[in-house]
Amino acid sequence: MYVCDRKAVTTVSPPLTPEQQLVIMQELENRNLTEPTPTELERYMYYISNGLQEDTVAPQPFHHITNILKLLPSCFHGNRMLQNLLEELKSSFNFSVRKSIVDYILMDEQQRKRLSISSIPLPFPQRVIRAPVPWSLSYRHAHSWCTQNLFTVNPIMHQLQELWINNFSDLRFVCSEDFHSENLPLLPSEFQQFIQMQCQTIRDLLINTWLPQCASLFFTYKDAWLPLVPQRDDIVPVQAQKFFSCVAALMSLQLRSLVMASLQDLLHFLSLHQDGTDFRECYDELYYTQCPLLLVKLRVEESSITFQPPLPQCWDLIKTSFIHIITSADHLPRVECYLFPELQKMDLTLRSVRQDESLVTDLLNRARVIYQRNTLGPHRYLDVYNKYSSLLDQSARQDILSFLHEKHSLQGFVKKIEGVKCVWNEISSLRVTVPLSLFCLEAVKLHQDLCDRTENLKHLLITFELEENRQLNQRICQRYQQIVDTVMSVPANTEELVELSQFLKHTSDVTVHTLRDEISEAAERLSFLLDYATLTGDDFKLNSRVFHWPEQIRNVCEVHQDKLANQRVHVEEQLRKRIAELEHTLQGLSKDMEVFKKREVMSAEEMKNNVEKLSGITARLENASAQLEYINKEECLLEKEQTQFPLLQTIMTNKQPYDQLWSTALNFHTKSDVWMNGPFMELNAEQISDDLSNMYRHMYKLKKGFSEVAAPRRVADTYSTKIQKFMQHLPVLSTICNPGIKARHWEKISSIVGFDVKPDAHTSLLNMLELGLPKYTDKLEEISASASKEYSLEKALEKMKNEWTELQFDFTQYRDTGTSVVSSVDDIQVLLDDHIIKTQTIKGSPFIKPIEVECKEWEQKLLQVQDILDAMLKCQSSWLYLEPIFSSEDIIAQMPEEGRKFGIVDTCWRDIVTEVLKDARVLVATAQPNMLGRLHDSNIFLEEIQRGLNTYLEEKRLYFPRFFFLSNDELLEILSETKDPQRVQPHLKKCFEGIAKLEFTSELEITGMISSERETGMVEKWLLEVEQMMLRSVRDVIQGGLEQYTEVPRKKWVLQWPGQVVICASSIFWTSEVSNAIQNNTLRRSLTELKAVMSFVHHTARDVVVKLAQDGVSSLNDFQWISQLRYYWEGSEVMLRMITTEVTYGYEYLGNSPRLVITPLTDRCYRTLMGALKLNLGGAPEGPAGTGKTETTKDLAKALAKQSGAWACFDEFNRIEVEVLSVVAQQVLSIQQAIAKNLKRFVFEGTEAHSRTQPAASSSP
């Protein structure tokens, strides 16, 4: 129904549709629609605003405001905006109260007439649509259905409920009291077995007791349900099915309550440990009084301590326990299966709890939280074993091994072993079981393992010392045995006899005492080993032998000392006999030498006989010298005076001239016949000349030496004359035996002598002499000299050709291009330069005529090789530079003409290299047809390609000027991989001062910039977009920082925003607040607050504020204030002002880079440079080195957010040469003029360039 008036209420109406109800509502609204006139409306608002006195209006209750403030976060309570909103709220409440009073008064007709207000503004209409269907029939239908189908009031239901409550409601699949009856803690396997056994017991109870008892109730109260079962088989038992479904629902709820109660009990038992085990400092066993549930063993695996089983498996076990409780209630048969056996095949079962229910999930989550809280303690307790980590990771063993590699005393070993024993004692004293609330750690196996490791370390030390003791004892025994063996040996000669005597003396005086000291050390080692080690029988025997050796050695030395004295007497007797025999031998040799003083027969046979006899005497003298040396050695060994034999030296001195006389005579006699009668072409003139000179010199000396002995002197005179006579034929011999004599020279000789001279292979010197050649000696010498010169030139030319025969180019494979490059030509170049000079020298010789043609051909060949080598190296150098560039498809696509030319050069180069590799010998490789021409053409192409490449790079740099900061190679690396934007990452730092790298998504979209401090397609086009996006992003981030500045505590705000934003935003607020303080004349009072702001900008700003306060600055136009660098936020832009200069913030991302400490001198430099900036001029700070000129200019660039490199900041400007400086000045002038004209693009050095209003600041020392 619809209420239209308080007096008129309709009774029951027929059902209406929503559309019909809406029409009625609109008619009633239009019936009462009387809008007030403008005058009435104005009068109405006047009475509300001014017609009521303030004391008649009830104020707003205070608890309203309190309740509102409770709904707001505390961080907004001190906000100025909140105060405005509260004032607005109070005003609105006052207006509403006044309006309600006026509306109440105007409800009276007389009051409306009195106040001349016939109607008030109508409220917004409220419309409610009611359901159009009557509910009477539905009620009757529902009542009838419930009467026939509601089985919850059936008596059998009550009996089933009573049975459950009285007998089974207290059952639990797992009861917490059962845990206490067990011997806690349980091993994981025991816990699992316990849960399974408990669940199976309750399940059996339900199947064998509960379900049969429920079935017996149905037999007892069969009258309550049997009528629902039809008597005929052809009728479907619908009502019976519904009844038993209701029964099943009730029993399922009872079963569900059992499962949920069991789960709750298990969770409750686990909740006893909900406080967890996160002990902070040291473990305290008294803190954990609850009996643990699970026993977890500690084990060593590899180099770490692990839990057995792992703690995640323990959670799986607990979770499985919950699941097992749920599954234990699954698949229980419904009661009708007991009443009607034929239904057992239909698999009718009661419903229980599902594993995916929210209740189960919530219980598991709560159990998991308890488990996680209890896992902290076990992991933290493992820190107890951190001090033994060296045992686990084998570093302790390595330490012991390092210790054993060094030399240590027994005291060092004792200290090391005691340290290991101390560790063993510490481990043994640790807790074996560690109760930690839910878990109990068992460390028996772990402690045993650690103790075993310490025992191994101890055993390692003891074994080492035991083995070292064995080796040292064996060495002592070996040395004693060597002494015995040496002393007991029989000397074979005097030297061994003396050595043995000295050895025996040294052994008695020194060695035995040294060994006694070593035996004392062995005794100390034995004492150490008896304390720490178990010695074997062999060790005891070895030690016993060591201690008995000194006595044995003393007895052996005494016995053999007498034997050596007897042997010495015998040796001295043998020596005296040898001396007598040598004296007799020398007397005989002296008599033999006297015979040669009278011999002067010079026949060949006699000379040969004399030489042989002298050789025999020489052999006997050498034997006598050896005997003398032996005798003197023996005497020296026996410490006796050495015997002298002056006769031996006399005989040797007298023998030498006779030996030389007869040897020289026999030698000349034999060779002169060969020289004179043998084939002269086989003779060596130089060797013959040397032999004759030596022979003549010997004979001349012998003549003087035998001046008083007649016979030998006559032999020397005779052979001197013969040698002198033969030497007259040397000029002729030198001429005809010259290897440079050719047929043309023999023709000249024939023309000189007047007849043909044609020697053959058998012509002798005697034959040539008989032809009368000695008469023409002078002319023959000229021919011989000329032949020698020509021959030397031929040999030199032939040698050069032989050196080039096997000389080869050395090639190496170049990457994976399938071709090779020349790797080293230094040796070839050095040899080539040397041979060209030698060849040109030979060509200038006056004796070149016979080989002039051959020499010129060789020179041309060398020069051609030089040209080919130079062209080849030039081509290879350019090809190596350009090949990686033009292997990029992106480069070829942008430079098609240069790519085509490089393809031609590449083919030509590969063909040349392929031919050279077939035979790499230099002379063969450079003989390819037109090789030099092909290389020249390739080099021309390469020069054209290089020029095109430079033009291409210049275009890219003009498009994106920051490319000027990159070298050609770096720029080409970027341009060659335009499809991979990440290739630009290594070079970003050079292009953008503050950007170290960009963040890319998997789709290669740029999402962020990262500075060096880690604050978190055509390549030149997207890099230009990166630059623009960088400027826009920095501006947006600064704006965000400004907005958050007043809403977030300053310390938190500083940590949330990048350093550049912090400095910029803080400077803006500092400027604003200082300006306000100056205007309000509150600079001194605001000094404390401003200092808080300035602490995040720089300390210089604090000094500025203090100076402004001291100077009493009260106007924003005061020079002290306008001379400061001030930041303003105007129209979504950051503006910087200093005196009359105004600059827009550059928004260059600088990262969290360091800033310069500002000094008064820095401020002066800032003011100068900013003034130059306004005038579109440059600044040139000047001063001594190291005063900060360049750094000041760079820091001003950072303050303006400009990249100093792009700001034309030149260092060491005064070092530029005058010629270069004039060019630079002209370039700077053109830039300044373009800036002064506000040109965005201008022509610079013949190229159109982009201009930005940035100063060209230079710095010079």
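The predicted model contains 22 salt bridges, where a salt bridge is a side-chain nitrogen of Lys or Arg within 4 Å of a carboxyl oxygen of Asp or Glu. Residues are numbered from 1 along each chain as its sequence is written, and side-chain values use heavy atoms, with hydrogens and water left out. Because the model is predicted, local features need pLDDT of at least 70 and side-chain atom pairs count only at pLDDT 80 or more, while totals for chains, interfaces and linings use all residues.

Side chains of opposite charge can pair when their charged atoms come close. One of the salt bridges joins R172 and D265, with 3.3 Å from N to O. This pair links distant parts of the chain, 93 residues apart. R172 lies in the loop between α7 (155-168) and α8 (176-181), whereas D265 belongs to helix α10 (residues 238-271). Helices here are DSSP runs of H or I with at least four residues, strands are runs of E with at least two, and both are numbered from the N terminus. R172 is partly exposed, with a relative accessible area of 23%. Accessibility is computed with a 1.4 Å probe on protein chains only: buried means under 20% relative accessible area, exposed means over 50%, and partly exposed lies in between.

The side chains of R366 and D362 meet at 3.8 Å, N to O. Both residues lie in helix α13 (residues 358-381), four residues apart, which is about one turn of the helix. R366 is partly exposed at 42% relative accessibility, and D362 is partly exposed at 38%.

R1137 counts as buried, at 18% relative accessibility, but E1142 is partly exposed at 44%. Together with E1130, these residues form a network of salt bridges.

Attention now turns to the nonpolar interior. In soluble globular proteins, nonpolar side chains tend to be buried together. The largest nonpolar core holds 107 residues. Such a core is a set of buried Ala, Val, Leu, Ile, Met, Phe, Trp, Tyr and Cys residues joined through side-chain atoms within 4.5 Å. L206, F218 and Y385 touch the most other members. Helix α10 gives the most to this core, with 16 residues. Contact means heavy atoms within 4.5 Å. Leaving aside neighbours within four places in sequence, Y385 is in contact with L298, I305, L430, R431, A443, L446, H447 and L450.

Aromatic rings were examined next. A search of the whole structure finds 19 aromatic pairs. Rings of Phe, Tyr and Trp (its six-membered ring) pair if their centres lie within 6.5 Å; planes under 30 degrees apart count as stacked, over 60 as edge-to-face and the rest as tilted. The rings of F243 and F244 have centres 5.3 Å apart and planes at 70°, so this pair is edge-to-face. F243 is buried at 0% relative accessibility, and F244 is buried at 6%. The rings of Y1045 and F1069 are stacked, because their centres are 4.0 Å apart and their planes are at 15°. This pair links distant parts of the chain, 24 residues apart: Y1045 in helix α36 (residues 1019-1045) and F1069 in helix α38 (residues 1059-1079). Y1045 is buried at 9% relative accessibility, as is F1069 at 17%. F218, F243, F244 and F340 form one aromatic cluster.

Helix α15 (residues 395-405) has the buried residues A396, I400, F403 and L404. These residues lie on the same side of α15, because they cover an arc of only 100° around the axis. The arc is taken from the directions from the helix axis to the C-beta atoms. The buried residues of α15 pack against α14 (389-392), α16 (410-428) and α17 (444-488).

Finally, S304 lies in strand β2 (residues 304-308). S304 is partly exposed, with a relative accessible area of 35%. Not counting residues up to four places away in sequence, S304 touches R299 and L392.
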